[in-house]
Amino acid sequence: MKIVVSALIIGFLFLNPVQAQHKVILDTDPSFDPDDVGCMAMLHNLASRGVCEILAIINSTDHKESSLSISAINYFYNRGAIAVGDCRSYDTKIDAPENTYPYHLARTYPRDLSDWEKAPEGVALYREILASAAPHSITVIIIGTMHNFYGLLRSTPDDFSPLSGVELVREKVRLVATMGGNFIDGSGYDRTNWGGADQLCSYTSWSCLNEERNRMCRYVIEHCPAPFMASGWEVGCGDYYDADYGNVMTGQGLKQLDSTHIVRRSYEYHFRFRGGDDDISRHSNDQCALHFAVLGAGNNYRAYENGRIELSEAGVCKWDPDTDRQQGYIQKNRDKDLIAAEIEDLMLGEPLDRDLSPPTTPTKVSFLRTKEKCILTWSPSYDATIGSWVVGYRVYYNGSPVRTVYGTRFVTRSLSLVDQEKYEIKAINVSGVESKGAFVSAGGSLKILNFQADNGFQHDSKAAALRIVELIGQKNGWGVYSTREASSLVTEDLARFDVVLFNNNCGTAGPVLNQEQQAALQSYIRQGGGFVGIHCAGAIWKETGDFQQWYEGLIGTRLVAHPHVQEARLRLENRAHPISRHLPEEWIIKDEWHVFSENPRERVQVLLSLDESSYEAESSMKMGDHPFTWFQYYDGGRSFFTSLGHETTTYSDANFQQMLEKGIHWAGKGEEGLILDLDANTAVETTPDHWVTRWSNQVSGAAAVDFVPNDYGLRISHPGSGRPRLMTNLPELNGHNAIAFREDELINYEEDAFDHLITGNGYTWIAVLKPYATAEPDGATEFGTYRLHDVNSFMGNLRNGGNYEGLWGCFDDDLTFWCGTRNGITFGRFDANNPKLTGPQLQADKYHLLAARMEAGTGEVSLELFVDNPAPKARIMCPVNPDANSSKLAIGTERDANNHPGSESFDGEIARLLIYERPLTDVELTRIMQQLKIRYGL
């Protein structure tokens, strides 16, 4: 037997709020007695003191008004956004009797839940919350019947989680605390939760055992995999068992509250209908269970742990201290009145003011689409305010709310919504205040077609291959559309995907693609698309016409034979490339060691090769020189292929997962070092009339995330000013979008995100833009008093300190293109330390492809300017200042718009802006500019 008596300094805790320690789901049965309201009051007041967060309160009764009364209590405490669940396992739901407090609370107090049928089903709500919870982070408190938790333990995998209910509880729940049973002498019959009565019976008659509830309780006790602690009936109601210290009586002190206080009124309703309300105190079984669950044993309780609880069909409770099932029970450890005083103090608190501070915006929103459903996932948001926290997320589609969810996952089977590509996720705090929205449009920063159509051998590892790509997408906030339909290559617009991934799918028995599908894939690659092939994607043998030869070129070769599956050694050939940089020099792994139709080494860049001395095979199954993983640039696109992937266990290998993740990223985004990708097709937030309120970087994990308007000073008096406008489906850009600037700017407020570019790293930036004719170069601007000559900046750092530091892209008034890098060594717009590199004069109202490249290093380095092709139009030497400290980067103007707004602005349209934190090689720059020209029709 193990007895734990721990100390808790209650007064200090209440005077010094701390970060919430417990995330609580309360499972309760508000119906006749008001103890459940007392518990909800305790939880809300503990939450106000920063001790716990209430994630949900779930009704376990069959009364329609019970969930409505919970909503009214949450609303009263200014936490109306807390999820309220409702039990649906009863055959019918009934109206609460008029002589119960839920009947009156539902009719006299405001609430957010308009109808009990709109409450989430209890078991589903449990699963939704647990699926997104951190391991062992949830405290479940059950002071009602076991209907909901019984249903949770028996639940099977669903859209919220691939885990069963038992697995979810084992992984996510730290404690299940319940009021029920009795542990005095093992001979009592329990008329409460563990076989509770359908209707009230006398306190001295123990004959009202409910067999169904008893059965559910026995199942929970026997199958709950989390620590399970019971507070028996005798803890709060001791006199009925002749227990030490008698009854813990609370409630009378509620009369000091205002007469309209919802907790006082609940108790008064109860006692009025029981024959009087002068004395509204009650024994406090439920409150004792919650008191222990949140605050621990302290001085109040003695906890008997690490044993096993048994409940018989007759309702008899026994505890076996010698069999450790992580189960136990508590008993009172001090005088009943001292315990009652602490509990009643927790019931007396008043509501905090409604918290109007918004929580943080959700991050890493990812989009997974399969033939059957679409799944949005995101990382959790936070609100550090004591008494307030994030309780849910509201999903919007095209500006209209779709659903409130209580995890970090939303599933829809309305595929027609997806095609229009406009979802937004907003976090909600307990007061219902929303965060700013996180947008996703048919995918995140990288969009992947996870393709498994085949015609031939079916690998056992095929499902694992599909799933690992989906998990990689969720990890990175990438959009993944998984499909086994070859028709998707035609029905889906491949141009909106960054990567087409042939994922462990064979074509050994017949063609996988028809001619239309073949043509779609070829066109996609020729327009700069990315391709990834895994394992038997190299064994697609029977395509028609010239496509077979073209496809083998895309893979690099063809898989033709293999010895038996066995371990072998792979050798790293290229540590410089990001795909393979993490790999060991030698990697031993079990797989199917294919030989190929021909050695691809002369056409591809080999990353891994196979050590043929490390496995057994006939000479015909060896190649001598044996590449096994590589990348290449092929027919206008990028291709990464690995012949690994036969074994299911391969997809759990960390080296393989990381290599696949980096291979997908390389195929989708191209070269290493990209730190900014502003794409007008993706992640642009606008008002209903298309004024841009945010333009988000598409590079996962980058320091600079959002570019937002600077509505400051004079611009405030001009509604919509300071904000550029989104223009969609432009024919001159092959149907792509652009953002139009007219004396507007978007600023990233991450002060130091780009400093390293000018202090030694070097950089390359590339822009797809159209300048308008310069407006009134000698006249006043709309918002300022004059326009500076020849400083029409479409990109630039703001001034920081006494000197100028940063990088610029600008036009003279006659649209002569120039760029510069200012290093802060001396003050001045242009001098030897702050050179202005001038290029050709551009045509107004025409799209151009512009770029600048600064060499890496200190001392003096070269700075080059490019227009429409990768041959430099101008070059100068530029001094480097390792201590330069550039300020915030702005798009659309160089200035903060508070001293002379619009005076240095760019008038024109920007479709794409890329910044690399290194100088690209000539080959890389040529390839990327070519791909952009093809994509945008330049």
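Predicted model: local features only at pLDDT ≥ 70, side-chain atom pairs only at ≥ 80, totals over all residues.
1. **Overall make-up.** The chain has 938 residues, and 61% of them count as buried. Its secondary structure comes to 19 helices and 47 strands. Among contacts between residues at least 6 apart in sequence, 74% join residues at least 24 apart. The points below take up particular strands, helices and residues in turn.

2. Pro-709 has Leu-746 in E37 as its bridge partner.

3. **Strand E47 and its partners.** How much of strand E47 (residues 907–916) is buried? Ten of its ten residues are buried, and the strand is described as mostly covered. Strand E31 (residues 674–679) runs antiparallel to E47 and is joined to it by five bridges; here Asp-677 stands opposite Leu-914. Strand E36 (residues 736–742) is also antiparallel to E47, with four bridges between them, and Ala-740 stands opposite Glu-909. Strand E38 (residues 763–771) is joined to E47 by eight bridges, again running antiparallel. Pro-771 has Gly-908 in E47 as its bridge partner.

4. **Helices H2 and H10.** Two packed helices are described by the angle between their axes and the distance between the axes. The axes of helix H2 (residues 35–48) and helix H10 (residues 262–272) come within 9 Å and cross at roughly 170 degrees. Angles over 145 degrees count as roughly antiparallel, and H2 and H10 are therefore roughly antiparallel to each other. On the side of H2, the contact is made by Asp-35, Val-37, Gly-38 and Ala-41; on the side of H10, by Val-263, Ser-266 and Tyr-267. By class, the residues of this contact divide into four nonpolar, two polar and one charged.

5. **Helices H11 and H12.** At what angle do the axes of helix H11 (residues 285–295) and helix H12 (residues 336–347) cross? They cross at roughly 80 degrees and come within 11 Å. Gln-287, Cys-288, His-291 and Leu-295 in H11 meet Ile-339, Glu-342, Ile-343, Leu-346 and Met-347 in H12. The contact of H11 with H12 has six nonpolar, two polar and one charged residues.

6. **Surroundings of Val-166.** Val-166 lies in helix H7 (residues 165–172). Its C-alpha atom is separated by 7.8 Å from that of Ser-155, eleven residues apart along the chain. When neighbours within four places in sequence are left aside, Val-166 is in contact with Leu-152, Leu-153, His-223 and Pro-225.

7. Asn-306 is not a glycine, yet its phi is positive, at about 60 degrees. This residue is found in strand E10 (residues 301–311). Is Asn-306 buried or partly exposed? At 31% relative accessibility, Asn-306 counts as partly exposed. Ala-683, likewise a residue other than glycine, has a positive phi near 55 degrees. Ala-683 is placed in the loop between E31 and E32. With a relative accessible area of 15%, Ala-683 is buried, because the cut-off for buried is under 20%.

8. **Cysteines.** A disulfide is a covalent bond between the sulfur atoms of two cysteines. How many disulfides does the structure hold? The number is zero. Cys-87 is buried, with a relative accessible area of 1%. Cys-237 also counts as buried, at 0% relative accessibility.

Definitions and conventions
Residues numbered from 1 in each chain as written. Heavy atoms only, no water. Pairing = 2+ DSSP bridges. Helix = DSSP H or I, 4+ residues; strand = E, 2+ residues; numbered from the N terminus. Buried < 20%, exposed > 50% of the residue type's maximum accessible area, 1.4 Å probe, protein only. Disulfide = S-S within 2.5 Å. Contact = heavy atoms within 4.5 Å. Axes fitted to C-alpha atoms, helices over the stretch in contact; angles between N-to-C directions. Parallel < 35°, antiparallel > 145°, perpendicular 65-115°, else oblique. Nonpolar A, V, L, I, M, F, W, Y, C, P; charged D, E, K, R; others polar.
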